[in-house]
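Dear colleague,

Please find below the structure for your review.

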Amino acid sequence: MPAPSPDHVVVADVSVLTDAQGLLPTYTYRVPQGMVAELAVGVCVHVPFGRGESVGYVLGVRGIGAQDPPVERLMCIMATAPDSCVLTPDRIALARAISHRWLTDLGSAISCVAPHLVVSATRRVYRLVWDRSDMRLLGAARTQDASILDAVERLLDAMDQAEGALSDAELRRSAPPACYDAAMASLVHVGAVVREYRLVGPAAKAKTLGKYAMAPDWTPGSARLGPAMRRVLDAARQAAQDADPWLDARTLAEMAGSTPAVVRSMAERGALLRTTVSVRRAPGGASEGRNTAPALTASQTDACRALADDGGHRRFLLHGVTASGKTEVYLDAIARGLERGRGSVVLLPEIALTAQALHVFTARFGDEVAILHSALTPGEWHDEWRRLESGEARIAVGARSAVFAPVNDLGLVIVDEEHESSYKQDKAPRYHARDVAEVRAGEAGARLILGSATPSVETYYAAQGGRFTLLEMQTRVGDRAMPEVRVVDMRSALRAQRTLFSPDLTDGIGARLTRGEQTILFLNRRGYSPFLLCRDCGHVPGCPNCAVAMTYHAGAQRLRCHHCDHGERLPVLCPECRGASLKGFGVGTERVEEEIQRLFPAASVARMDRDTTGRKGAHAEILGRFRSGEADILIGTQMVAKGLDFPGVTLVGVINADTTLHVPDFRASERTFQLLAQVAGRAGRGTTSGEVLIQTFAPEHTAVQAAARHDYAAFYGGEIEARRELLYPPFSRLANLVCQDKGEAAAQSGAEAVAGALRDAAPSEAEVLGPAPAPLAKLNTLYRWHALLRTPPECDISEVVARAMTTVSSGLRRALIVDIDPQSMA
């Protein structure tokens, strides 16, 4: 820390946490004399920013010449946060890496890597610095009218009695509201009172619980004890015989047939001792104990042996067919790491999978497991994060954001279903958790395992080239057969009978119900119908904010936009022609559920999509019903297509395989193959063989045919050649830059300026495509135009885009979405 002197002043470089776009990495602030000793890199501070105030983190402290011209213009840091909000050097390094690669401001990256440290509020406080009898204070007060003078006296009384500074809210209670601002302003103006700022730490705090035990040698003396008090004392004496004599007030009261108030009263009398303990808010309840590892199959043994090898291999791709037992390989690798004192991070693509995973991992490792995902309450997140930070838990399991879990001595990072696009964040910073996992593993010297039955084309290509060690598991546990897959041509099925389900699928469901087996029906489209159409005039009700039709939800009798969440009541008449011929077109999961209940009224049906899982615990509840056999048929979107293991499922029906096949995205075929192969893998995981029926209007498509044959190699072979010919990843890198504006012309002109800047900054072997309207041409009232930069794979595409951004206006930068290595072109 540089010391201030007459010739030098101390300044801090601060990364500001704000939603503003186009920020600099850091801003320089002057450090007040009284703050120099406590300020260090990583400290959270309160600073003036723009026309307001913000919170930030100190990333550098240095001295500059007191006579340098900028010094006089520098604003001062206003306050520091509690010690618990310090950012560690490794977190700063990770935030810098994310900021550089995905071109986001450093503050947003810090909010991702250390969400538990983000300060919840700023408090303004006042402290009396003059003695009450100071004549200057009295002289200043006499200049006020009587009402202001009275308010000044009241405020001085309050601050005199306080041991420290008082908050604005506390002082306002001491003076008449009409006079408070003028009275306080006069005290601050003459220097009698100083205004300070205090940062309040994160809103979530540790939860504590009071516990009580019998006080030794206590006697009531002359005090009279009522019956309830005597029963509490009897219960406390009984508990004192146990190994742990401490009980919370509610438990002790229940034992005594009394109330918690009586327990607390007895503690005040000295009859009971009181202590405070921390209580964990466990997301999935308490651990139920541990099981032992089963005998491994030959392919599992080979994979575990390769992962345990102490050679130079650090990055692995575990390519195993569905139900080949990849999870058991993960568990073995974690257990070996724990034996060496190393922790692990396990990433899952869906929150829906965390309930099942929590059961599997805690059954093996007990309370060493902490769960992290966005559906936790702030209190649950706080407790799980702190357990990892303290070393109480050494295994973090969760969705995308769990990649930042503070695991001590990190030795293993696992990304399950690594191909999933949900690992890519859709708002700034637009990081990919798989890539962040690789960065974290590299920095910690940890092993990285990417697992999938259908690896992304880019990852498999990297493994073929030696970047990852490829581990293959091509047989199911117990040598169970892969499910038989039949492709149903819905073109001929519809000609025979207009229905959602082909005769084969209807008969298959009925047969499973008769035999007491279970069925999963998959459709990657929620709602009842994707859109309404007026058969009189052709009008389709669209979202007023987005360039899309609104989806019809029959249960709520509303139309809803699945992009901005705008909703409207279901119109009785066509808004355009006032006709009465509005009808739903297309099929969603609601419609499938309705049709199943009509065809099989005795069946118990569960539906799992975003509409049914909004409530906390809904994922686990729905899957629990299905696992227990309470539900016969599970209908769902892609939530049911991956990672779920239900031995009772012998039939999987894909209602429409074409929903992802014809979207304007070069990954459309890959995503269709992955979804079909993954959902097909849910069948036949028990002792009874499985069957899969894929309904499609494109039965000859290579993605459909390869999924039906469980033939990843054939799909990959065709897809990699198409990518090579068209120069799509992995034979290039992409950056999608989207310009948004309230006016379409402004969005277009902005995109043209961005495209021009990219062409000037890009190397000769790069290519700029566009500008053109984005596939989703309007979103949340903003028109969208985009330009696409394509560079050779070895090019630092982030550096090229950053260089281009220096030549466009700050206003245009603020209107841009920059997506490096995009997973969607929308």
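Arg 512 and Glu 691 are both buried, where buried means under 20% relative accessible area, exposed over 50%, and partly exposed in between (1.4 Å probe, protein chains only). These two residues form a salt bridge, with their closest N and O atoms 3.1 Å apart; the term denotes a side-chain nitrogen of Lys or Arg within 4 Å of a carboxyl oxygen of Asp or Glu. The pair joins distant parts of the chain, 179 residues apart: Arg 512 lies in helix H17 (residues 503-515) and Glu 691 in strand E29 (residues 691-696). Helices (H or I, at least four residues) and strands (E, at least two) are DSSP runs, numbered from the N terminus.

Please note that this is a predicted model, in which local features need pLDDT of at least 70 and side-chain atom pairs count only at pLDDT 80 or more, while totals for chains, interfaces and linings use all residues. Residues are numbered from 1 along each chain as its sequence is written, and side-chain values use heavy atoms, with hydrogens and water left out.

In total, the structure holds 47 salt bridges. One of them pairs Arg 667 with Glu 458, at 2.7 Å between the closest N and O atoms. Arg 667 sits in the loop between strand E28 (649-654) and helix H20 (668-680), whereas Glu 458 belongs to helix H15 (residues 457-464), 209 residues apart. Arg 667 is buried, at 6% relative accessible area, and Glu 458 is buried at 19%.

Finally, a network of salt bridges links Arg 101, Glu 418, Arg 434, Asp 435, Arg 733 and Asp 821.

Yours sincerely
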